[in-house]
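Thanks for coming. I have one model to go through this morning, so please have it on your screens.

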Amino acid sequence: MRGFRRKQAIEELTMKKILLVNGPNLRLLGRREPEIYGHDTLADIVDACRECAGELGFELVDFQSDSEGELISCIGEAPLKDIAGIIINPAGYTHTSVALHDALLAADLPAVEVHLSNIFKREDFRHTSITGSACIGVVAGFGKESYVLAVRALAARLQ
Ligand code: DQA
């Protein structure tokens with residue numbers, strides 16, 4: 001391998017990684033309450049994030065689970081997998097999970113919380129984010145764009 005191809009391969013190997021974590025019910029996006037969450041599927045959102053991350057020189061790794069334990073394990077393993085930062089939509093666990101909050105603190109990586117909907121404009125029980133205080137910032141209310149904004153914000157912090 002030589003010249004441009006070699007340089008490209010080295011760049012890919014040394015690209016910093018961003019982990020995108022999506023919580024419960026987000027695999028249903030596209031058909032889940034589209035009047036609130038829009039028509040984009042989770043695959044559309046992950047593609048948009050990967051494209052944006054790539055343009056900014058980062059590799060995007062993604063994970064979705066409905067299980068709190070699996071989400072916690074994934075975040076716990078992130079520092080061992082050379083992850084530089086985390087973007088997380090904890091979905092319903094945002095409002096309930098001390099354990100996910102603690103996992104984010106334990107990982108000790110910069111994290112951005114993201115929501116498709118504006119959680120402050122919805123039911124009272126969504127106004128509190130337990131996980132948000134373990135993150136450097138929160139983006140909410142812009143649909144798919146919330147995720148892309150989160151990628152930009154995290155990339156700026158990591159650069
Ligand atoms: C959500 C908001 C949460 O309140 C809800 O439980 C979700 C999705 C959002 O992206 O707007 O599942 O995190």
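Predicted model: local features only at pLDDT ≥ 70, side-chain atom pairs only at ≥ 80, totals over all residues.

Residues are numbered from 1 along each chain as its sequence is written, and side-chain values use heavy atoms, with hydrogens and water left out.

Let me start with strand E3, residues 83-89. Helices (H or I, at least four residues) and strands (E, at least two) are DSSP runs, numbered from the N terminus. Buried here means under 20% relative accessible area, exposed means over 50%, and partly exposed is in between, with a 1.4 Å probe and protein chains only. Ile87 is in strand E3, and its relative accessible area is 0%.

What does E3 pair with? Two strands pair if DSSP finds at least two bridges between them. Strand E1, residues 16-22, pairs with E3 in the parallel sense over six bridges. In that pairing, Asn22 stands opposite Asn89 in E3. Leu19 is a residue of strand E1 and is buried, at 4% relative accessible area. The C-alpha atoms of Leu19 and Gly85 are 6.4 Å apart in space, although the two residues are 66 apart in sequence. For Ile87 and Lys121, 34 residues apart in sequence, the C-alpha to C-alpha distance is 22 Å.

E3 also pairs with strand E4, residues 111-115, again in the parallel sense, over three bridges. There Ile88 stands opposite Glu113 in E4. Between E3 and E4 the chain passes through helix H5, residues 98-107, and this β-α-β crossover is right-handed. Right-handed means that, with the strands pointing away from the viewer, the path from the first strand over the helix to the second runs clockwise.

Now the salt bridges. Side chains of opposite charge can pair when their charged atoms come close. The criterion is a side-chain nitrogen of Lys or Arg within 4 Å of a carboxyl oxygen of Asp or Glu. How many are there in the whole structure? The search finds six, and I will show three of them.

One is between Lys144 and Asp40, at 3.8 Å from N to O. This pair links distant parts of the chain, 104 residues apart: Lys144 is in helix H6, residues 144-158, and Asp40 is in the loop between helix H2 (34-37) and helix H3 (42-55). Lys144 counts as partly exposed because its relative accessibility is 30%, and Asp40 is also partly exposed, at 26%.

Another joins Asp62 and Arg50, with the closest N and O atoms 3.3 Å apart. Asp62 is partly exposed at 37% relative accessibility, and Arg50 is partly exposed at 36%.

Shared partners join Arg122, Glu123 and Arg126 into one network of salt bridges. Is Arg126 buried or exposed? Arg126 counts as buried because its relative accessibility is 16%, whereas Glu123 is partly exposed at 35%.Arg126 brings us to the largest pocket, where Arg126 is among the residues nearest the centre, along with Arg32, Tyr37, Ala91 and Gly92. On a 1 Å grid over the protein atoms alone, a pocket is an open set of points where a 1.4 Å probe fits, with protein on both sides within 12 Å along at least five of seven lines; lining residues have an atom within 4 Å of a point. The volume of the largest pocket is about 190 Å³, taken as the space filled by probe spheres set on the points, with grid points joined across faces, edges and corners. Its lining has 17 residues, divided into seven nonpolar, seven polar and three charged. Ala, Val, Leu, Ile, Met, Phe, Trp, Tyr, Cys and Pro count as nonpolar, Asp, Glu, Lys and Arg as charged, and the others, Gly among them, as polar.

Last, the backbone angles. Most residues other than glycine have a negative phi. Asn25, in the loop between E1 and H2, has a positive phi, near 75°. Asp108, in the loop between H5 and E4, has a positive phi near 55°. Asn25 is partly exposed at 34% relative accessibility, and Asp108 is exposed at 65%.

That is the end of my part.
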